[in-house]
Amino acid sequence: MMADDTTLTAWLVRDRGVNGAARYPLRSDVVRIGRSAENDIILDDEPTVSAHHLEIRHGDGAYSLHDLESTNGTFLNGELVKESVIQPPASIQLGKSGPVLLFVLEDGAPNPNETLIASTAVRDLVAVPPAPISHEHEEMISSAVARARRARRYGSFDQTAMIMRAMLGEALQRTSRKFKWTIAALVVALAAVSGYGVWQIRKLQHAKSTLDSRMKNIELVLENANPNPAETEQLVDELDQFQGQEKALEGTILYRVLARQREDPVTRDIRSLMTEFGAETYSIPPEFLEEVNRFIQRYQGPDRGTTERALGEARSNLETMREIFEHDNLPPDLAYMVIAESGLHGDGASSAGAVGWWQFTPATARHYGLRVDGSVDDRRDARKSTEAASKYIRDLIIDFGAGSSVMLALAAYDVGPAKVKTAIRRVSDPIRQRNFWYLYRTRALPLETREYVPKVIALMIIAGHPEQFGFS
């Protein structure tokens, strides 16, 4: 339980990489966070954030976190929680790979590692008991330490030297010679803390780069060398180990807040979507990434008209479809499949007899309650056909069970569940039968699926950030 001190200001700090850190003061007893404009803190740039994700409440001298039944959950210091008291410093993550907010107090307790380093440095440098320091100097030194720690906490390591110089100049004007050695020791201690922090961050970034390089090499071997089944299993096992190490590295607070490396936007969006779909991966196969980028370029170029229509005149239909999927407790981004299916043309028909927004055959349409006869064809009705599509996809997800079931449902919607099941039964490991990324890397999935899934992911990425891809 925190002390009830009205002089302390609580903040949420969000690292934005090269763009610095965004700071949000917690000035109300209840602060709501989410994607909707109704929230006090709006995070509308991440798909893992729900419209109304969580609340932070202040009362009885403590701050507490309350998840608002968010889709992807709320993690406090890496642990999934519904309600919990928050002790600073703490990390709050919205979704398993979503944005991280660091909870701190303006004059709160420093990082334990920083305290240890600073006190050790001072103890080693000062061999004799220091002379008594006046209350004025205590306040000045404490202020300098606090400012330097806050600068490091928010990623501004270059400000430490400025803070030390300003404090030293002020001290020299206000103190006698007998205090100068104390001030010098403090300067050295602050430099040691800052230097250690920079070294730790560079160490984490180097470890991340090494893991990325090893995983990329394995992906390229799996993609181009056609290894035998035994070699494939060994390579996949190694890849899983490296992904586990990277997951642990990225889970540290220091990496999340200060050492996170700038990531390609498309790669970042793919990873966010995979987290939303329960198919999280720390290594995206190069071929998959290339296919997603190829379809993004296609929807920016030759098929730009379809994209503009989806984001323009047909936008209201898409929003209705998203609401239907969300009502059925499905990821709303699955609604963008309709663009790949019909280009948002309700009258479209294929040579195989599939018709309408979601390209249902007559048999599948009737099975999911749509009327298809000589006078009425519900496949051309946007709402009714989307409700049927949502039920169909839900059944596919349940049918494929644990693992990457949403991704397998995407594959099955394109080529039919029978084809996907025939493909995955060739894999002897029953757990890996349900792992989309294993099936993709080992080319167990049909060729049509290997193209269809990246196509849909590309549409989801464009729709999530249209301005990033040249659409207003």
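**Entry 1: lysine 82 and its partner**

I started with the exposure of lysine 82 in this predicted model. Lysine 82 is partly exposed, at a relative accessible area of 48%. I then looked for a partner of opposite charge. Lysine 82 forms a salt bridge with the side chain of aspartate 67, at 3.7 Å from N to O. Lysine 82 sits in the loop between β8 (79-81) and β9 (83-86), and aspartate 67 sits in strand β6 (residues 62-67), so the pair ties together parts 15 residues apart in sequence. Is aspartate 67 buried or exposed? I noted aspartate 67 as buried, because its relative accessibility is 10% and the cut-off for buried is under 20%.

**Entry 2: aspartate 373 and arginine 371**

Next I checked aspartate 373. Its side chain meets that of arginine 371 in a salt bridge, 2.7 Å from N to O. I looked up the exposure of each partner. Aspartate 373 has a relative accessible area of 37%, which makes it partly exposed. Arginine 371 is also partly exposed, with 42% relative accessibility.

**Entry 3: lysine 421 and aspartate 399**

I moved on to the helices. What is the N to O distance in the salt bridge between lysine 421 and aspartate 399? I read 2.5 Å for that pair. Lysine 421 belongs to helix α15 (residues 417-424) and aspartate 399 to helix α13 (residues 382-400). The two residues are 22 apart, and the pair links distant parts of the chain. I logged lysine 421 as partly exposed at 22% relative accessibility. Aspartate 399 is partly exposed too, at 37% relative accessible area.

I then looked for salt bridges with shared partners. One network came up, joining Asp347, Asp377, Arg379 and Arg380.

**Entry 4: lysine 455, no bridge**

I turned to a lysine without a partner. Lysine 455 lies in helix α17 (residues 447-464). It is buried, yet it has no salt bridge. Which side chain of opposite charge is nearest to lysine 455? I found aspartate 303, at 6.4 Å. A salt bridge needs the nitrogen within 4 Å of a carboxyl oxygen. I also listed the contacts of lysine 455, leaving out neighbours within four places in sequence. The list holds Phe295, Arg298, Tyr299 and Ala340.

**Entry 5: the tally**

How many salt bridges does the structure hold? I recorded 27. Those I looked up include lysine 82 with aspartate 67, aspartate 373 with arginine 371, and lysine 421 with aspartate 399.

Note on methods. Residues numbered from 1 in each chain as written. Predicted model: local features only at pLDDT ≥ 70, side-chain atom pairs only at ≥ 80, totals over all residues. Heavy atoms only, no water. Helix = DSSP H or I, 4+ residues; strand = E, 2+ residues; numbered from the N terminus. Buried < 20%, exposed > 50% of the residue type's maximum accessible area, 1.4 Å probe, protein only. Lys, Arg positive; Asp, Glu negative; His and termini not counted. Contact = heavy atoms within 4.5 Å.
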